[in-house]
Amino acid sequence: MASLFQSLRWVHIAAGSIALILFWIPAVAPKGGRTHIRAGWVYVVCMSVVVVTAFVMSGLAFTIPVAVRQIARPLSPAELSDFLRVQRLFATFLAYLAGITLASGWQGIWAAETKRDPKAMRTPFSLALNVAVLLGGLTVLVLGIKYRSGPLIGLSPIGPLIGAGNLRYLLRGPQSRMHWWYEHLGSMIGTGIAGYTAFLVFGGSRLFPSLARSQLYTLFWVLPSLIGVPVIFMTMAYYQRKFNDSRISSGLPATRTEPR
């Protein structure tokens with residue numbers, strides 16, 4: 001099991017690294033153009049690999065942590081208890097980030113794919129996924145309070161924010177002419193926030209070991225959210241002004257004009 005876990009880890013890291021680089025191509029390319037679409041789909045494939053491997057690794061780390069980690073010596077009962085706690089916290093948080101990424105990516109892709117029939121997005125899977133992400137954030141909050149973890153507490157609102165926002169769109173339906181574009185844009189930025197958070201949380205401790213042992217490292221955990229969430233709102237406001245689309249009733253069809 002240890003070799004399987006390590007193989008999954010390297011696949012996860014490779015796909016995540018490619019995705020974090022590719023994220024910027026559709027972000028800056030002309031929207032709706034060939035580069036935006038092609039790079040966007042490659043990004044989606046890479047992030048799909050990241051999500052699948054994250055869920056598998058979190059399941060292994062939570063259920064059989066001793067088997068998937070190479071431990072050089074027998075552990076005392078106290079050491080074993082501490083080891084299990086750390087590994088299961090790691091597994092829970094990894095699954096939480098994977099769930100946020102999946103919920104954001106799913107919403108972003110299907111908002112664009114179903115822009116002329118947004119009710120098609122309202123499936124049992126979509127509803128259950130976003131409820132799970134919302135509850136996942138509350139679980140992370142409880143764990144953060146229980147174990148006095150500032151990063152867990154700081155990142156716990158992201159799940160409810162994304163889950164509740166997605167559910168509101170799914171249940172209320174479109175509220176503007178360009179609803180699908182706003183939902184696609186905000187959701188895909190959300191996947192970038194989750195990806196860069198995972199990079200700083202799990203990769204940063206290895207790349208910056210001295211920083212990881214300082215109090216400053218807590219800021220790195222929440223930095224992608226502190227930057228990314230305001231960017232989402234500012235970008236939405238920019239496109240709403242551009243399309244004069246801030247107060248349009250939900251009954252209007254999607255415009256034929258593509259954003260650029």
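Tutor: Start with a term. A nonpolar core is a set of buried Ala, Val, Leu, Ile, Met, Phe, Trp, Tyr and Cys residues joined through side-chain atoms within 4.5 Å. Keep in mind that this is a predicted model.

Student: What percentage of the 260 residues is buried?

Tutor: Buried means under 20% relative accessible area. Apply that cut-off to the 260 residues of the chain, and the buried part is 46%.

Student: Which residues touch the most other members of the largest nonpolar core?

Tutor: This core holds 30 residues. Elements giving it two or more residues include α1 (2-22), α3 (34-63) and α11 (217-243). The residues that touch the most other members are Phe5, Phe93, Tyr96, Ile100, Leu152, Phe202 and Trp221.

Student: Which element gives the largest share of this core?

Tutor: Several helices give two or more residues, among them α5 (77-113), α6 (124-146) and α9 (179-207). The largest share is 9 residues, and its source is α5.

Student: Which residues does Phe93 contact, leaving aside its neighbours within four places in sequence?

Tutor: Phe93 is among the core residues that touch the most other members. Contact here takes heavy atoms within 4.5 Å. With the sequence neighbours set aside, the partners of Phe93 are Leu152, Leu155, Val201, Phe202 and Trp221.

Student: Is Ser58 buried or exposed?

Tutor: Ser58 sits in helix α3. Beyond its neighbours within four places in sequence, Ser58 contacts Ala91, Leu94 and Ala95. Its relative accessibility is 7%, so Ser58 counts as buried.

Student: How far apart in space are Ser58 and Phe5, C-alpha to C-alpha?

Tutor: In sequence, 53 residues separate the two. In space, the C-alpha to C-alpha distance from Ser58 to Phe5 is 9.8 Å.

Student: Among contacts between residues at least 6 apart in sequence, what percentage joins residues at least 24 apart?

Tutor: Take the contacts in the chain between residues at least 6 apart. Of these, the part joining residues at least 24 apart is 77%.

Student: Now the surface. Is Leu226 buried or exposed?

Tutor: Leu226 lies in helix α11. With Leu219, Ile227, Val231 and Met234, Leu226 forms a nonpolar surface patch of about 460 Å² accessible area together. The cut-off for exposed is over 50%. At 52% relative accessibility, Leu226 therefore counts as exposed.

Conventions. Residues numbered from 1 in each chain as written. Predicted model: local features only at pLDDT ≥ 70, side-chain atom pairs only at ≥ 80, totals over all residues. Heavy atoms only, no water. Buried < 20%, exposed > 50% of the residue type's maximum accessible area, 1.4 Å probe, protein only. Helix = DSSP H or I, 4+ residues; strand = E, 2+ residues; numbered from the N terminus. Patch = residues over 30% accessible without salt bridge, like charges linked within 9 Å, V, L, I, M, F, W, Y side chains within 5 Å. Areas by Shrake-Rupley, 256 points an atom, 1.4 Å probe, with all protein chains shown as cover. Salt bridge = Lys/Arg side-chain N within 4 Å of Asp/Glu carboxyl O.
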